[in-house]
Amino acid sequence: MSTDQTAVASTATPRPPDAAEPARVSTEAQRRRTFAVISHPDAGKSTLTEALALYAERIDSAGAVHGKAGRRGVTSDWMEMERRRGISITSAVLQFGYRDCVINLLDTPGHADFSEDTYRVLAAVDAAVMLLDAAKGLEPQTLKLFDVCRARGIPVITFVNKWDRPGREALELLDEVEQTIGLRPMPVTWPVGVAGELRGLIECATGEFTRFTRTAGGATRATAELVAEAEVAAAEPEFWPTAQDELALLTEIGAGFDEKDFLAGLATPVLFGAALTGVGVARLLDALVELAPSPDARDDAAGTPRALDAPLSGLVFKVQAGMDRAHRDRMAFVRICSGRFERGMVLTHAATGRPFATKYAQSVFGQQRSTVEEAFPGDIVGLVNAGALRPGDTLYAADPVEFPAIPSFAPEHFAVVRGADAGTFKQFRRGIDQLDSEGVIQVLVSDRRGDQAPVLAAVGPLQFEVVLDRLVNEFRAPARLEPLGYSVARRTDADGAAQLADQSEVEVLTRRSDGALLAVFSNKWRLETVRRKLPDVTLDPLPAGSALR
Ligand code: G4P
């Protein structure tokens, strides 16, 4: 396989224009629903992902996609690090058909896998499912991801999971969503029976009741049957009247569905269920099809929308290295924004103006990959040999376009990195430059610390591991980290930097990628103390700063 894109480019033949293509692109785009699940670890994201695919008949039994604990049999061999730790740091992109739609579900890696890529995935979706554990409600990682959704104007559907086991009250959970993140809940379904004693779900708009009968382990579909009101009222003398009272209250406070508010990010449709037993999963798929927006024209950097049926354009939202060590391979995940993608077409890389061939286009389903022949707005294509591409880059055909860059997110982990071997300093510096420019990690520098000891700043600690791994394996520059006791970053300016210079537990560093001055603090209390002491100093939050809530 050639690693030289330009060499491949010269062999491709341009397709003749097809007059029917714009109409086809629009039709196909309308069928797409591209979304991610935002949640805190253990809320049930993997279980829900599998259940969605199961209910859409994409897989035969749960456990095939992620291979979580207990069912974990398959691990990716893309990086030795992954193998060592038994984790998958590579976002899976699932595509499956449901009703007349094509659903693209993008994974947002969490837990130990949490990294800046997790946030970047949200640059590629049109909607998000906010998954809450019925016993826990809103949790920190969900809040951070929600902040990114809000900043990007991504509409959010809420799924309250684990209703098959004891948890909080439904009304209390809705109240928490409204009070904490200011999103007005609009229940689509309502549970009959408290968490742990779920009898079924009422469809809020019609009053219809569906009873669920659990199947062993949730590995196959739960049976659902429509039951007449009189029958359920007689069978559930305790839970049915309560559910009716709650629904009456919701009607009174005007919690009905309002599409405009949903799309504007002011309100969230809420569904209840249990991913493990399949309850409410098909209803969630229906909600995605019926409520979630299909791809829309995306604004370019100048604010001009690129029409869906314009020539091809795509946004690189993630670049995965080390998927095939023998080839020093990079796979770029590209969200198609306009036009019809056809494998083999030659695109232009907006950042460099150079041609980029797409002979090796793939889709990634869990850990399986297959060749993609064509794709439409909303779809995700994996491009191999993508050494020149960076997250946030634009690829286009014909009419030039460049989408806005994906912002760097608020780092919460900081460490000094030093070459472990004085003889490999040149390689070390080259490696750090490369990883910085790829967006693997943020590199912060200051005159005080010098070139030999830059500060690495990350959203999740996994990013440090990736850096050390790549430095040693790719650049032959073993390095070591010295963690720094900072956890909060704020943007400041030259005047702020001067005023902060003599404060303790604060340091001002320059982010190399964009020259931004970041003031880093040991914790939020220290930040608040400094803010009170120096009220004139600029200390602006960076994107996704909910850690400071
Ligand atoms: P994550 O990807 O969000 O981290 O969560 P994951 O799906 O791995 O689910 C975390 C745990 O919660 C798992 O249990 C899973 O079975 C359980 N779970 C997910 N959805 C539901 C649900 O609707 N009801 C109930 N009762 N449990 C649910 P585990 O014991 O940690 O792992 P496993 O051995 O079952 O895989």
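A backbone N or O atom of Gly 44 lies 3.0 Å from an oxygen atom of the ligand, a polar contact in the sense of a pair of N or O atoms within 3.5 Å. The model is predicted, with pLDDT of at least 70 needed for local features and 80 or more for side-chain atom pairs, while totals for chains, interfaces and linings use all residues. Residues are numbered from 1 along each chain as its sequence is written, and side-chain values use heavy atoms, with hydrogens and water left out.

An N or O atom in the side chain of Ser 46 is 2.6 Å from an oxygen atom of the ligand. For Asp 164, a polar side-chain atom lies 2.8 Å from a ligand nitrogen atom.

I turn now to helix packing. Helices are DSSP runs (H or I, at least four residues), numbered from the N terminus. Axes are lines fitted to C-alpha atoms over the stretch in contact, with angles from 0 to 180 degrees between N-to-C directions.

The axes of helix 3 (residues 45–55) and helix 11 (residues 281–291) come within 9 Å and cross at roughly 80°. Helix 3 is therefore roughly perpendicular to helix 11, the term covering 65 to 115 degrees. Leu 48, Ala 51, Leu 52 and Tyr 55 of helix 3 meet Val 281, Ala 282, Leu 284 and Leu 285 of helix 11, contact meaning heavy atoms within 4.5 Å. By class, this contact has eight nonpolar, no polar and no charged residues.

Technical notes: Polar contact = N/O pair within 3.5 Å; in protein donor to acceptor, adjacent residues only side chain to side chain. Helix = DSSP H or I, 4+ residues; strand = E, 2+ residues; numbered from the N terminus. Parallel < 35°, antiparallel > 145°, perpendicular 65-115°, else oblique. Nonpolar A, V, L, I, M, F, W, Y, C, P; charged D, E, K, R; others polar.
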